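These are my notes from going through the model, written up in the order in which I looked things up.

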Amino acid sequence: MYLDKSIKELHGLLKKKEVTSETLVKEALAKSHDVEEKYNAFVTILDDAKPTEVTEELLSGIPFGVKDNYSTKDVLSTGSSNTLNNYVPFYTATVVQNLFNKGAIMVNKTALDEFGMGGTGTTCHTGPVLNPWSKKRMCAGSSAGSACAVASGVVPYALGSDTGDSIRKPAAFCGIVGYKPTYGMLSRYGLFPFASSLDHCGVLTRSVEDAAIVVDAMKGKDIHDMTSWDSSNIHLEKALTGDVKGKKLFYIKELVDLENYPHAEKELKEHLANFQKTIELAKSLGIEVEGVSIERNLLNALPAVYVILSCAEATSNMSNLTGIIFGPRGKSDKIMEMMMEHRTKGFSPLIKRRFVIGSYILQKENQERYFKNAQRVRRLIVDEMKKLFATYDGLILPVSSGPAKYFDQNDDTIDENTSILEEHLQIGNFGGFPSITIPNGFINNLPVGVNITGNCYNDEMVLNIAYALESHMDYKGQIAREVE
Amino acid sequence: MKKQIAVIGLEMHCELKSNSKVFSSARNAYNETPNVNIAPVDMAFPGTLPVVNKKCVADALKMSMALNCTQPEYMYFDRKNYYYPDLPKGYQITQMAAPVGINGKIEIEVNEKLVPVYIHDIHLEEDAASLDHYFDTSTIDYNRAGVPLLELVTEPCLHSAEEAVAFLEHMRDVYKYCDVSEADTKKGQIRCDVNISIMDEDAKEFGTRVEVKNVNSFGGVYDAINYEIKRQSELKEQGRYAEVEQETRRWDEETMATIHMRSKVDAIDYKYFVEPNIPKYKITKEWLEELKQEIPRLHLERKYDYINNYGLSNYDATILVKEREVADYFEECVKLGITPKIAANWITTQILGYTNKYNITIKKIFLTPKRLKDLTDLINDGTISSKQAKDIFFKVLEEEKEIKEYVSSDNAQINNKEELMNIIDTIISNSPGQVEQYRAGKTNLFDYFVGQVMKNTKGKANPVLTKEILNQKLNN
């Protein structure tokens with residue numbers, strides 16, 4: 001058993017020839033099948049994955065997982081949707097290719113909420129992904145399969161994508177690290193789009209250091225993505241010094257202070273108390289932490305703004321799914337009917353609902369009221385954050401209102417009382433901010449997480465703060481074990 | 001019924017020239033073989049992203065300036081969303097909120113009169129794939145998907161089919177002059193939508209507007225406009241103007257009629273919004289200034305210049321400016337010192353006759369303006385006759401040698417009076433009969449003697465001098 005180790009440990013073993021790449025690949029495949037059986041985490045397991053030569057590259061010879069909404073040449077790439085259940089691309093996403101170029105080995109394609117449009121891990125065309133800590137619970141989503149695979153020790157890292165919180169929330173619920181860098185640091189070329197202005201590539205790992213290593217290997221300006229930028233002066237792994245003295249963090253009082261939740265249940269109380277412990281830890285490391293008040297209306301607008309913008313863009317982005325060029329073709333003599341049949345059969349009801357919302361929002365007579373206003377509020381939220389980032393190095397908040405939810409709890413609706421606590425990670429997508437979730441404790445034996453978000457391009461700082469906190473907690477590198 | 005006037009607005013789509021497509025790296029070239037000029041993004045494979053071709057943006061901005069439009073501060077694109085099999089992404093990337101040009105104005109010439117045309121906007125977008133329908137099957141060719149298109153929208157300011165076609169021809173020439181498009185209707189590079197309504201001559205408000213879509217030739221535009229004017233006028237005359245509805249029709253080449261496609265109530269809501277994958281970027285003054293320098297002097301300006309300043313006829317000037325290469329050739333000739341009228345004569349008769357016959361461009365012709373100057377200089381200084389010049393012209397083109405090679409001793413014009421006198425004396429003494437007849441009054445025999453001199457000198461005798469000497473000899 002090697003794959004529960006960190007990337008640097010594995011690299012060391014490979015270099016010393018104490019283990020071979022072949023052994024690692026075999027182990028990853030065997031574990032993939034095991035985890036697939038237990039938790040239904042994968043769309044494809046690449047049984048013919050080949051070991052690679054071990055070089056000076058940290059990632060060489062080491063297996064990894066890829067969310068199934070990344071285009072991978074000659075390997076089925078479904079987006080966990082029936083509309084692409086037979087789609088084998090002929091090109092590889094830039095970030096995946098960058099990992100291949102370092103000698104990394106893709107061993108599985110992980111399940112997700114259909115096209116990333118969900119937060120539960122239950123709307124995959126292959127069925128729901130179960131949480132490796134408790135089969136009764138969800139992983140959250142949409143990067144459910146990737147979170148499950150990494151938490152289970154199948155691979156040291158797996159790629160995810162994040163439009164609202166799709167990396168950072170499942171990471172918290174599975175007790176691991178989830179990081180999405182500043183918008184454009186990772187090329188989106190080859191990532192199946194959900195909402196282009198909010199979509200981020202990223203990674204799920206079991207340590208901040210591994211996250212830094214993987215993103216260092218994936219990043220770079222890409223001629224295929226005009227929103228990507230040159231980050232050659234950013235060295236994430238090297239930035240992990242653990243020295244955070246004098247750094248300043250803030251949290252949003254409205255979300256964190258218990259007095260704002262008069263009907264708080266035990267779980268929420270524990271979660272917020274646990275968060276305060278993390279704050280105390282931060283302070284003990286020499287970080288200044290302050291509670292900041294943000295206008296309640298602005299916070300309350302978060303979920304609506306997210307729904308409006310993401311549904312609108314999604315409706316348009318997924319108009320290419322017609323079954324004519326790729327995907328199962330609808331049966332009809334008439335081309336419009338052919339397209340209609342493909343889409344009617346292929347999409348799950350949840351997605352169709354979002355398309356209807358997106359379409360409605362973009363209608364000429366509704367654009368000003370919904371779409372344009374949502375864009376304006378997005379701008380207000382981002383401006384407010386940027387103002388705070390002028391004073392503070394980052395925002396620290398608890399992820400969600402507690403640990404992973406039960407399956408029967410789920411109907412993908414929002415509990416009004418804690419809704420903003422569940423949704424605030426979307427701020428990171430609105431601003432394209434670097435944002436990382438790390439595990440910070442347990443509630444009812446189930447992991448919970450804390451998130452740190454910083455200003456654009458400050459990825460080094462954000463990761464270093466997370467690294468410092470992680471170093472003083474006991475959750476780094478933890479592997480999931482079923483607790484109920 | 002009061003006198004009716006037609007109100008016409010045009011939407012002109014023109015494919016731009018470029019190495020690669022407007023948002024993809026696939027080749028932008030006409031190809032008979034379907035589906036060869038394709039990149040993944042042209043077929044909207046999941047995860048592909050558009051990358052803007054800077055050259056296309058530059059050309060679009062140039063055209064915007066050539067039409068005297070206002071350019072936006074920032075360049076960005078919008079998505080136009082609709083489902084159709086020829087549109088792989090399910091949306092077209094176009095410009096809605098901030099086109100490369102708005103509020104332009106140009107003047108065109110219609111029947112030798114200048115007519116102003118107001119430009120609503122001009123914007124850069126991508127073409128769709130092309131569909132072919134057969135008896136029981138349809139085929140899609142993605143070669144055209146993503147080809148850069150400039151769409152120009154005029155205000156409803158034109159009033160006849162003649163004006164509309166004159167505008168289209170004018171614009172075709174502008175595109176060609178600026179070298180941004182081949183603008184070839186035969187290759188489907190220009191396509192038009194036409195908006196037509198009629199109104200009482202003194203009315204303040206426009207009538208009901210009918211849009212005729214996808215008219216693919218200038219002849220089609222002409223016919224479609226006249227068809228619609230007639231159709232709408234007849235309905236009005238019969239008191240049935242209410243039957244003219246705001247609708248989209250299409251022009252059917254076979255029946256020479258417009259046919260109903262959809263009504264206004266069925267109009268598609270394109271749900272425009274900003275394309276998020278292409279970051280906004282600032283159009284700097286410096287870049288615009290640079291691009292402006294690349295816009296050549298346009299044909300109409302040159303034409304009036306030639307007429308007013310060089311004294312050319314409207315006919316000659318029109319021919320000269322029709323193609324930029326020809327006009328440039330002409331101007332180069334004038335610059336080298338050839339008299340404009342003489343240069344114009346050479347170009348409109350000999351040179352264009354030759355280039356048309358052999359289907360080559362004037363740029364490729366061996367007889368450069370410099371060589372034409374050498375040739376005309378020889379005429380001017382009397383070294384050769386005009387007739388000899390024409391012979392040399394063809395020889396030069398055939399043999400591709402310098403002009404001076406043809407002015408050797410054996411083909412130079414004979415200007416030497418003594419030499420000519422000797423030749424003429426011999427001819428006269430050898431033709432006693434003809435001399436007698438001539439002197440007896442048969443004066444049209446004069447040409448016979450000229451002919452003999454030419455025959456004897458293989459056409460090299462200076463004709464003026466020949467006639468002068470013959471006059472002397474025969475009449476004394």
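Domains of chain B. I began with the spacing of two domains in this predicted model, and found that the centres of domain 1 and domain 2 of chain B, taken over C-alpha atoms, are separated by 37 Å. The bounds I noted are 4–289 for domain 1, 297–406 for domain 2 and 417–475 for domain 3 of chain B.

I next traced an open sheet of 8 strands in chain B, with mixed pairing and the order β5-β6-β9-β1-β10-β11-β12-β13. Since β5 and β13 (257–263) of chain B each have a single partner strand, they stand at the edges, and so one side of each is left without a neighbour in the sheet. On average, neighbouring strands of this sheet are turned by 30° against each other, direction ignored. Looking at one pair, I noted that β1 (residues 4–15) and β9 (residues 148–154) of chain B run antiparallel over 5 bridges, and that M12(B) stands opposite L152(B) in β9(B).

Helices on the sheet. I then found α2(B) packed on the sheet, where it touches β1, β5, β6 (113–126), β9 and β10 (190–200) of chain B, with its direction at about 110° to that of β5(B). Helix α3(B) also packs on the sheet, touching β1, β10, β11 (210–215), β12 (247–252) and β13 of chain B, and its direction makes about 25° with that of β10(B).

The helix pair. The axes of α2 (residues 161–177) and α3 (residues 218–237) of chain B come within 9 Å and cross at roughly 155°, which means that α2(B) is roughly antiparallel to α3(B). I logged the crossing of α2(B) past α3(B) as right-handed. The contact involves, among others, A161(B), V165(B) and L168(B) of α2(B) and F218(B), Y222(B) and I225(B) of α3(B); its residues divide into 8 nonpolar, 1 polar and 1 charged.

Between the chains. Last, I looked up the interface, where 32 residues of chain A are in contact with 25 residues of chain B. On the chain A side, α9(A) gives the most, with 3 residues, and the residues of that side divide into 17 nonpolar, 11 polar and 4 charged.

Note on methods:
Residues are numbered from 1 along each chain as its sequence is written. Chains are lettered from A and ligands numbered from 1 in the order in which they are written. This is a predicted model: local features need pLDDT of at least 70, side-chain atom pairs count only at pLDDT 80 or more; totals for chains, interfaces and linings use all residues. Axes are lines fitted to C-alpha atoms, for helices over the stretch in contact, and angles run from 0 to 180 degrees between N-to-C directions. Helices (H or I, at least four residues) and strands (E, at least two) are DSSP runs, numbered from the N terminus. Angles under 35 degrees count as roughly parallel, over 145 as roughly antiparallel, 65 to 115 as roughly perpendicular and the rest as oblique. A crossing is left-handed if the near helix is turned anticlockwise from the far one by less than a right angle, and right-handed if clockwise. Two residues are in contact if their C-beta atoms, placed from the backbone, lie within 7 Å. Ala, Val, Leu, Ile, Met, Phe, Trp, Tyr, Cys and Pro count as nonpolar, Asp, Glu, Lys and Arg as charged, and the others, Gly among them, as polar. Domain bounds come from an automatic or database domain assignment. Two strands pair if DSSP finds at least two bridges between them.
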